[in-house]
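Please look over the structure shown here. A short report on two of its contacts comes after it.

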Number of protein chains: 2
Amino acid sequence: MKNSARKAVRELINDAKRIVIEDVNPAVDDGRFAAKHIIGDIIEVSADVFMDTHDQLAVNHLWRTNDSDQWEASHMIAVGNDRWVGRRPLQEIGLYEFVIESWYDRFGTYKNHLIKKIDVGINVDVEIEEGFLLIKETVSELKKVKRLDIEFERKEAENSHVSNLANLQKLAKVLFKIKTSTCYLTPDEVKPAETLLKQLNPYSDQQRASLIVLLADFTAALMEVSSTREFLTRSQIFPLRVERRAAEFSSWYEMFPRSQSGDPNRHGTFEDVIKRLPAISAMGFDTIYFPPIHPIGKNNRKGKNNSLTAEPTDPGSPYAIGSDEGGHDAIHPELGTWDDFRRMRDEAQVLGLEIALDFAIQCAPDHPWLRDHPEWFNWRPDGTVKYSENPPKKYQDIVGVNFYAPKATPELWIALRDIVLLWASEGVRVFRVDNPHTKPLPFWEWLINDVQEQFSDTIFLSEAFTTPKMMYRLAKVGFTQSYTYFTWRNNKQEITEYLTHLLTGDATQFFRPHFFVNTPDINPFYLQTKGREGFIVRAVVAATMSGLWGVSSGFEICESAAIPDKEEFINSEKYEIRAWDWSSPDNIINEISILNRIRKEQPSLQTHLGLTFHFADNNNVLFYSKSGKPLPGQPIDSLILVAVNLEPQYAQETSLEIPLYMLGLDDHVEVQVHDLVSDAHFNWYGKWQRARLDPQHYLFVIWKVTPVTV
Amino acid sequence: MKNSARKAVRELINDAKRIVIEDVNPAVDDGRFAAKHIIGDIIEVSADVFMDTHDQLAVNHLWRTNDSDQWEASHMIAVGNDRWVGRRPLQEIGLYEFVIESWYDRFGTYKNHLIKKIDVGINVDVEIEEGFLLIKETVSELKKVKRLDIEFERKEAENSHVSNLANLQKLAKVLFKIKTSTCYLTPDEVKPAETLLKQLNPYSDQQRASLIVLLADFTAALMEVSSTREFLTRSQIFPLRVERRAAEFSSWYEMFPRSQSGDPNRHGTFEDVIKRLPAISAMGFDTIYFPPIHPIGKNNRKGKNNSLTAEPTDPGSPYAIGSDEGGHDAIHPELGTWDDFRRMRDEAQVLGLEIALDFAIQCAPDHPWLRDHPEWFNWRPDGTVKYSENPPKKYQDIVGVNFYAPKATPELWIALRDIVLLWASEGVRVFRVDNPHTKPLPFWEWLINDVQEQFSDTIFLSEAFTTPKMMYRLAKVGFTQSYTYFTWRNNKQEITEYLTHLLTGDATQFFRPHFFVNTPDINPFYLQTKGREGFIVRAVVAATMSGLWGVSSGFEICESAAIPDKEEFINSEKYEIRAWDWSSPDNIINEISILNRIRKEQPSLQTHLGLTFHFADNNNVLFYSKSGKPLPGQPIDSLILVAVNLEPQYAQETSLEIPLYMLGLDDHVEVQVHDLVSDAHFNWYGKWQRARLDPQHYLFVIWKVTPVTV
C-alpha cells in the first residue's frame, strides 16, 4: 500500500467521530429551527450518547444566550439504554443555543474497574500502578496544552488550568511517596469514598493509602477537569427561543374600531374603543386585536357584502390598505390621530389589555407605494397593475407586492420590516399576520428574527389557513402562534383526531395553536345552527383546550347571521360599520367571563400541552383532562377535567372514566373534586362517575381533581 | 440604512431558499447513512415540496450510481397535502444516490390560470399577450445562458439547448404572426389539448389560434426544458445501498467443522464437512456458517466447559485465534489445507450452499501479531499484555487490539481489512462479525465500505447483543444484517412488542433482523423446557417472521443439555469436539425442511417487512400475516397467515380474526385457502375462523389466502 493511501486512511480515522451523539431533544428539524419555550420553563435536554466498548463516557450540555459567547457547561446523567439527560431553567427572553458534548472518561473507567476488582478482593498492585501512571500522564499532557479551546471553555480556564496542574503534580508526588513510604494527603484534600473504606481492610497499609487517593472524589474531579477529553465529540448547535408568557397563554378579543360608536351611521374612533375597554377587560380578555387601522383605498373600493361597487358612504374593507391619506405607516383619519391611538393603547394597558395589530401586506390601488415604488409590483402588458387573484376570482381592491422583483430586493423587504418596527416602537408587540403563506418563507424568517432582535417580546400570530406542512413551516421559521383548523372541527372524532395531530411528534416543540371560535371571515355552520348553546360549547372547548383562544366581536351576543349556505357573515363588518346591542338577552358574557377566570387561575389551562382524551360512553360528550406542561422528574399532582355536551340542544347523560391512573392512584380510591364553575367541593369514590349535561342546567363541567390529603 | 447593510440583506435574500423540500423518504438520519434495498425492488421516493402562493412547482428526482457522475432525472407527481412521489426500479448492486429538486413552474402556473379563465369564458386578450411575453423572455434567457449546470444535467444538454432555443424562437414568431394575421403551426407541431378546443368556441379566430399554441402540450414541454428554473432548490444527496437477495433472504446453518467427524476423539476436517453438506442442503438451508477456522492459541488455552486449564488433548476455543501456526490469515492445520477449504467451498456451491465465516478480531496470546506488532496491543506497567476483561471477569485466552494506539492507525485497520479482503478473494462473501459493538464504529464504516467497493456482494452479519441504539447504529454504518433479541422473546406480548419495535419508524430502512433460534452461546430456557414441540414452535416463528433465520448445529435433534440455571450448553462445542446422532428419533428435520421449502416458494416470507399481528382470542396462540414488501401503487393480492401454539405441551383452541380487509374484502365474503404445509385447498366464509393447535396433530398452520377467482 502506498504511503499516500496510508495517510488518507489515517486522516479518515482522525476525522471520524468515535462517540455518537444522536436524537437530541429539544430539536426542530435536527436543529435547523429553534424549539420554543416560555420564560420560567425548566427544560430537559436529552440525547443518545454512546460508543464502542463498555467503558464510561462523560456527557455535558453547554448553553449560551444570544448576547453572550460564553458557554456554561453542566453534566448530563445516564438514564439507561444510552439516553442521557440534563435540565436547565430558562430565565431570559431571547434566543438560546445549546450543544451536547461527550468524551471518553478514561479515569472514570479506570476507577469503575478498580472498584469492581476491590469488590471481589483481588490483588490490585498493577492497577494501583496504572492509576499512578494515568495521573502522571495527565500531568504531562496538561503541561503540553498551550491554548485551550476557548470557544467552549470558561474565561477563567487559563487560571484553573494552572491550579489543576499544580494539584495533579501534588497528587502524583503523594502517590510516588506512598510507593516508597507511607504518606497521606490532608483529610481536607482527599475525601475518601466512605463506603469503600471497609472493603479496603484486606489490603496492606501502603495499598490502602494509594487506593484512598485513587478513589477520592477530589482526585476524580481533578482528573475530569484536567482531562484532555479523548475522543471529544460535540453535537451541532441547537437553537431554542424563549418567549414571554403571552406567546403561550392569551385570550383574544377581535373588534373593528369603526364599529364601536354604537351608531351604524357614525364611524367609530379610538375614543369609542376606549369606552368599550372596561367591558372587554371584565370578560377576562387580555389581548384586543384590530383589523388594519390604516387609510383605506378609494379606488375600486368594495361596497357592502363585498359588492364590486361602493356607495359614496361605504367605508371599504380595511384590508384594502393605503390611499392618498397614507399607507401602512399611517392611521385612518376617521379613527383618530397618533395621539388618540397612544391614549387608547395606554388606557388598555391600565385595564390589562394589550393591543394587537394586523399586518396585511397587500395594498389598495391608490396606496402611495404604487406611485413611489412601481418596481415593487407586477404590471401587465396593457400597462395596468396586476390585482391579487385566485383565478378565476379577482380581488379588484387589492394589489400584491412582488417580493422577488429585481428592484424589490432588498428595498421592499426592508420597507415592510420597518413598518413592523415603527408600530413596535409605538408599543405594539403583538401582530396578527394576514395570509403569511402567500408571502415567501425566507422573508418571514428574516423579518421575525430581525424584529425580535430589537423587540424580543414581539409576538407574531400566523393567519395561515393552508396545508398542514405550510402551517408548520411558518411556525418553524418564527411565527409564535398560528390559526388552526379548530373552527371546523366540531364532533368528538374530529376534535380528538385534530388535537392528537397537534400533540403528536415534533409539532409540540414549535407549533402553538390559537383557537379562534369565529373570525370576521368565518361564521361556522356549527354556530349558525346550534343557537346560544352552541356558542357556549365552542367557547368551552377552545378556552380549555388551548392556552390561546379568541373571539371576534359579536360572539358574546351569539351573532351568526349568514349569507345563505355560506360560512360568511351577512352585512359583514369587513365592508360596513355596524352597531351592536351588547346587552342582548341571549348574550353569553357571563359564561365567557367564567371561562377566562378559570383559565387565569389554573396553569394547566394555559397551554395546549398536557391534554389527554378520556372515555365517555356517550359519543356527544367530549371528555378530556389537562395536566399542564410536564415538569421534568415530577409526578402530576392535580388534573383539570372537562366534559362538554357537543349536541347541546339536548341533554346528554354519560359515564365518565376518571383517569385516576394519571395521578398515580388505583381505580377505586377516593379523590377530592373542586367544581371550578360553581366553586363546589366534594369527593368521588372510584374511577367511574356519571354526568348529565343538560341545556336547562349546565352544558359543561370543569373539575379539578386532586388526591385526598391525609 | 447603510449600503453595506442593504447589501447584506440582498445577499441573505439570494441565498435563502424560497422552495421547501423536507421529509424526504427513503432517508436514514436525514441522509447521513444509506437506506437499504434489494436488487429488483421498485422504490417510491417521496418528499414534502412547497412554497408560498398557490402557484405551481415542478419536482424531479435525480439518480446516479456509484460509478457514474451522470444524473438521471424523472418527474415527481403531487399526491396531495404538499407530498410528491416518484418511482424507480433498482437494477444494480451498489451504492445509489438521489436528489430531489424543485423550481417555480412559471409557465405551468400561467397555463393553469389561463385555463381557469377560459372555463368561465372571460376575455383573455391580456393573458394571450402575457403568454407571448413569457415565451419571448424565455428565448432571451436561453440566449444568455452560457454554461449549464453540468453537474446535474444530461451530457446532451448542450445540443438540446440549441434546439430548444430554435423551437422557442419559432413559437414566438408564430405568436407574433397571429397577432398581426392568422397563422397556425402544422398540426404535427402543435397538438392542442382536445378537451379545451370546444371551450375556445366563444373566442375569435385570432384568439383561438393563439390559445391553441399557448395551451399545446408541445409548448408546455418546450417551456419546461427551456425554463431557467426560477427558485431552483435541491435537497442534499441521499445515499441508498442496493444489495443482493441473500442480504434479506437467507437460511443459515451454523456448525463447528471439527465436530463433523462423527467421533469425539477425532478432529473433524473440511473433508468431513463435505460429507455433511447434502443433509444440510436437503433441510433447505442456503448458508453454512463456521466459527473461526484459524489456528487456535496454545497459551492459556481454555479446557472443556470454559475451564481455566486445558488438558493436552483439549482443542481450545476457536475464538482464541492465532498461534505459532498462524493468525487470521491461516487455516487451522487439523481442519485441512487451503486446497481442502476451496474444495469444500466448491462442493457447497454445487449444493446451493454458501460459506459464511466468522470475523473475530481478538487474538490468542500467542497470535503472531503480539510478536510482530506489539504496538497494536495494550501493555500493563508490569510488562504483561492486557487481556480482554469485563471486570472483575478476565478472558485469559484472548487479547483485544487497541484501535487507537498511536501506531495502530492506520496499520492495524488496514491489516484487519486485508484479512477480510483475503477471504473475500477466496470466494467468501458472507462474514458473521463477532462482537462488533466493542470495536469503533468508524472502523466498521470504513472497512465495510472499502470491502464492498471491491466485492459489492459482501454481506456482514453483526453479532451485537448490546443496547438497541448501538445495534441500530451498526446497521446504519453498514452491517447488512444483525442478530437480535429474538432468542429471548417467547410469549405473545414479548414477540408482538419486539416485532412492532423492529417494524416501526426508520428501522425498516436500514435494520435487517436475523432470527437465530439458538447459537453456541445461547441455549434458551424456552428450548430447555418445552421439549421437541418447543423447538418446532421457535423454528416456525423465526422462519416465518424474518427473511433471515438460522440454527446452530444440534437444533435439528433438539439438543438443549444445559449448565444448570444458565442459558449455556453443557459440554459446549466451543471448548471440545462433539459427535452427534443426526438420526435421533426426536429430530425435527422434516419440520425444518417444510419451513425452508415454504420460505423458498413464498416471497412474502422472504423479508420481515409486511408483518401484521392479528387477533386470536387465546393468548397462547400467536397469529400474524405476511404480505411482503409493499409494491408501490399495488394492492395486496394474497396473504400468508401463520398461527402457532406458543405453549405447545398442550392443545390450544382459538378463534382467529382473518384480516380480509387487507385484501380489500368485506368481512363476510368467501376466500380461497391453501394450506402450505399439507398442500390442502379449501374455502372459508367470513372473517371468523376456528383453529385447534394440538401437539398430537399439528402445532402450527401456514395458510395462503387469496380472493375467490371468478
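The report takes the chain contact, then a helix pair.

## Basis

This is a predicted model, in which local features need pLDDT of at least 70 and side-chain atom pairs count only at pLDDT 80 or more, while totals for chains, interfaces and linings use all residues. Residues are numbered from 1 along each chain as its sequence is written, chains are lettered from A in the order in which they are written, and side-chain values use heavy atoms, without hydrogens and water.

## Chain A against chain B

Chain A gives 57 residues to the contact, and chain B gives 57 residues (contact: heavy atoms within 4.5 Å). The two chains bury about 5400 Å² between them. Of this, 65% is on carbon and sulfur atoms. Buried area is the accessible area (1.4 Å probe) that two parts lose on being put together, summed over both.

There are 15 salt bridges between the chains (a side-chain nitrogen of Lys or Arg within 4 Å of a carboxyl oxygen of Asp or Glu). Arg380(A) pairs with Glu127(B) in a salt bridge, with the closest N and O atoms 2.9 Å apart.

## Helices 16 and 17 of chain B

Helix 16 (residues 531-545) and helix 17 (residues 589-601) of chain B pack at about 10 degrees. Their axes lie 10 Å apart. Helices are DSSP runs (H or I, at least four residues), numbered from the N terminus. Axes are lines fitted to C-alpha atoms over the stretch in contact, and angles run from 0 to 180 degrees between N-to-C directions. Helix 16 and helix 17 of chain B are therefore roughly parallel (angles under 35 degrees).

On helix 16 of chain B, the contact includes Arg532(B), Ile536(B) and Val540(B). Glu591(B), Leu595(B) and Arg599(B) meet them from helix 17 of chain B.

Terms used. Helices (H or I, at least four residues) and strands (E, at least two) are DSSP runs, numbered from the N terminus. Angles under 35 degrees count as roughly parallel, over 145 as roughly antiparallel, 65 to 115 as roughly perpendicular and the rest as oblique.
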